[in-house]
Amino acid sequence: MQCSKCRREAVIFQRYSGLHLCERHFLASVEARTKRTIRTHGWMKPADTIGIALSGGKDSAALLHFLSTNFSKRRDLDFLAITIDEGIGGYRDVSQAEELARRYDVPWTTASFAGEYATTIDDIVLRKGDRRSCSWCGVLRRRLLNRVAREAGCTKVAFGFTLDDEAQSVMMNVLRGDTERLTMAPKPAEGMVPRIRPFEAVPEREVALYSHITVGLLPDRGCPYAHNALRGDVRRLLDDYSWLHPSTKYALLGLRDDLAGCGEGSAMTTVICSECGEPTFGPCRSCAVLKEVNK
Ligand code: SF4
């Protein structure tokens, strides 16, 4: 197939746009959408220090490439790659993230569950089973990443979340009937470093291809506990539905933006947890998780 914009060979077909794109026009399309997302949300301001959540996987590697190559001339921006080691044998390899950060000449730091919580996800699963491993892991990772970013002086933390991740999150909140999360608007909160998602308007398969072209092939280690996530079911459901209705994931992203700020959740403010000293919305979930897994 030929590129819809020039005569070169196409590397991808975008079902939602009906366009075949060659490598050059594909990269331009991803970068234009990502820059537009950043502009629309006002996510990069002079003097920002952007933490990049760098797991070492393809999405975060693509984000590292995009930010460090497209904003390298901005003297008023700093970047810091941050890798959290949850302690999952055969999956998390911090040396891969460190090597990527070095390649793009971005300062890098790491922190581990073992160092912060004196336990690991493998250890927790061994003692408690793996049924709720993803919810424990997510809560503990968020707290640790936020603390590391805040203490390093980051003004934002960028995640490699894609359109698929965002659409799945909206769908999961719908399926749980979680009105509070559906209507909550992100607002500055004391002690919480704001999170940004530059790839939120780019489908996962396009971020994967962008990563493959720009960064190269990376080892694809799946987390051994991923099968426990509700997200997996929602992903299958949405992928099947989107095959027939290609703009569905964009529709869910639009729904998220339309509902943001409509509910009482938008008025929530942080309090400092009396036990761990970290900011939290209401009762501290990470302390609750630590009590539960250490019982
Ligand atoms: Fe943690 Fe679940 Fe992700 Fe594995 S799949 S890293 S357990 S959240």
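Me: Which residues do ring pairs link into a cluster?
Reply: The model is predicted, with local features needing pLDDT of at least 70, side-chain atom pairs counting only at pLDDT 80 or more, and totals for chains, interfaces and linings using all residues. Residues are numbered from 1 along each chain as its sequence is written, and side-chain values use heavy atoms, without hydrogens and water. Rings of Phe, Tyr and Trp (its six-membered ring) pair if their centres lie within 6.5 Å; planes under 30 degrees apart are stacked, over 60 edge-to-face and the rest tilted. The cluster linked by such pairs is Phe66, Phe71, Phe199 and Tyr210.

Me: How many aromatic pairs does a search of the whole structure find, and why is the pair of phenylalanine 113 and tyrosine 117 classed as it is?
Reply: The search finds six aromatic pairs. In the pair of phenylalanine 113 and tyrosine 117 the ring centres are 5.3 Å apart and the planes are at 80°, so the class is edge-to-face.

Me: Which residues have the most contacts inside the largest nonpolar core?
Reply: A nonpolar core is a set of buried Ala, Val, Leu, Ile, Met, Phe, Trp, Tyr and Cys residues joined through side-chain atoms within 4.5 Å, where buried means under 20% relative accessible area (1.4 Å probe, protein chains only). The largest has 37 residues. Those with the most contacts inside this core are Leu67, Phe71, Phe79, Phe199 and Tyr210.

Me: Which ring lies under arginine 15?
Reply: A charge sits over a ring if NZ of Lys or CZ of Arg is within 6 Å of the ring centre and within 35 degrees of the ring normal. Arginine 15 is 4.0 Å from the ring centre, over the face of tryptophan 243.

Definitions and conventions. Buried means under 20% relative accessible area, exposed over 50%, partly exposed in between (1.4 Å probe, protein chains only).
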